[in-house]
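Please walk through the following structure with me, beginning at a loop and ending at the ligand.

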Amino acid sequence: MNQEESRIKQLRQQLQAANEAYYLHDNPIMEDEVYDRLYRELQGLEEKYPELITPDSPTQRIGGEVAEGFASVKHQIPLYSLENAFNEEEFRQWAARHQGEAVEYVCELKIDGNALALTYEDGVLVRGVTRGDGETGEEITNNVRTIPSIPLRLKLNNPPARVEVRGEAFLPRQTFEKINQTRQANGESVFANPRNATSGTLRQFDPKVVAERKLDFFAYTLYVVEENSPWQPETQDYSLQVLEEMGFKVNPHRKVCQSLEEVEEFFREWEEKRNTLAYETDGVVVKINSYALQKRLGFTQKFPRWAIALKFPAEEAPSQIKAITVN
Ligand SMILES: NC(=O)c1c(N)nc(OC2CCCC2)nc1O[C@@H]1CCC[C@@H]1O
């Protein structure tokens, strides 16, 4: 490998480490101007040696041309939606369907964003698709590549041949407010909430616009397609750990619960604390931890039997006009 090639490799590693520290761990390790200088040096070397450009180079995030439209893609594995429980009784009824007590659960915050399906082949991101109707979504790979917390390459030395990752794309509240301020200043319509802003951004035809919005992403489902891979997870909790090892951002506020009481305690804790988070949540997702038991329980027409969303009570929408009682 000649001197330029090793310099290119070194720059990619430095820039990737800086991206991860900043976007995944919110803990910058490099001044912006240093990052920009290294980034420009890498761009210069890649212009000089285009044959050395790889799809996972940090310079390849803001890709191609403006799209004309998005192709429809059928999901290999559907993106299921969740049955909802609006109170403790409905939760207990759900739990009773699988002998509620003798089961280990994983509680995750339910991020109020847009679900995405990502496909990695030999560790490299090859496709990003919106949830759509759960069976078929829109192929938005160029837009997905601009999301800094989505790795272009898995951080594994010997990645499985094929990995499917699902998670929630979202906009932190502050980012959402800034986007609306800009739109208002430009005389454009404002987005109603972060979820709508996320959906509108993901379906932008111009990746440069998506890149400016700085979407974020929490991964929550890992499918390792080949059966006997050493990475094959057997529980949801282990999947979340592997997703972190692979270089994804995984929500830290999760808990393995040994009882329904522990689940309810987690729910009450986050019903209280949710407004301290930098992003919107609309509940807690409770999943049976064991994949063997998930497999045995299977799915109804619409939902997995092994998961449920405990919804937070809808907050008083500030815009709601209070009912005026005239006595
Ligand atoms: N929004 C979320 O944070 C979330 C989550 N933490 N975990 C899951 O698990 C999937 C897997 C089985 C059924 C749903 N789904 C989530 O969101 C779903 C995606 C589509 C509809 C819901 O928003």
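Lys214 is partly exposed in this predicted model, because its relative accessible area of 40% falls between the 20% below which a residue counts as buried and the 50% above which it counts as exposed. The residue sits in the loop that joins helix 7 (207-213) to strand 8, and its backbone has a positive phi of about 50°, although Lys214 is not a glycine.

Glu280 is found in the loop between helix 9 (260-273) and strand 10, where a relative accessible area of 28% makes it partly exposed. Once residues up to four places away in sequence are set aside, Glu280 touches Lys110, Ile111, Asp112, Arg173 and Pro194. Glu264 lies within helix 9 itself and is buried, because its relative accessible area is 8%, which is under the 20% limit. Apart from neighbours within four places in sequence, the residues in contact with Glu264 are Glu88, Phe91 and Arg92.

Helix 8 can be read through its buried positions. In this helix, which spans residues 236-246, Gln236, Ser239, Leu240, Val242, Leu243 and Met246 are buried. Viewed down the axis of helix 8, these buried residues fall within an arc of 165°, so they line one face of the helix. The buried residues of helix 8 pack against strand 3, strand 7 (162-170), strand 8, strand 10 and helix 10 (291-297). After helix 8 comes Gly247, which has a positive phi near 110°.

Which residues come nearest to the ligand? Of the 15 residues around the ligand, they are Glu108, Leu109, Ile111, Tyr220 and Lys287. For Glu108, a polar side-chain atom lies 3.0 Å from a nitrogen atom of the ligand. The backbone is used at Leu109, where an N or O atom is placed 3.3 Å from an oxygen atom of the ligand, and likewise at Ile111, where a backbone N or O atom lies 2.8 Å from an oxygen atom of the ligand. Taken alone, the ligand exposes 490 Å², of which the protein buries 89%.

Strand 3 (105-111), strand 8 (216-224) and strand 10 (281-288) are the elements that each give two or more residues to this shell, and strand 3 supplies the largest share, namely four residues. By class, the shell consists of nine nonpolar, one polar and five charged residues. The three strands that contribute in this way to the ligand shell are also among the elements against which the buried residues of helix 8 pack. Ile111, one of the residues that come nearest to the ligand, is likewise one of the residues that Glu280 touches.

Conventions: Residues numbered from 1 in each chain as written. Predicted model: local features only at pLDDT ≥ 70, side-chain atom pairs only at ≥ 80, totals over all residues. Heavy atoms only, no water. Near = heavy atom within 4 Å. Polar contact = N/O pair within 3.5 Å; in protein donor to acceptor, adjacent residues only side chain to side chain. Areas by Shrake-Rupley, 256 points an atom, 1.4 Å probe, with all protein chains shown as cover. Nonpolar A, V, L, I, M, F, W, Y, C, P; charged D, E, K, R; others polar. Buried < 20%, exposed > 50% of the residue type's maximum accessible area, 1.4 Å probe, protein only. Arc of directions from axis to C-beta. Contact = heavy atoms within 4.5 Å.
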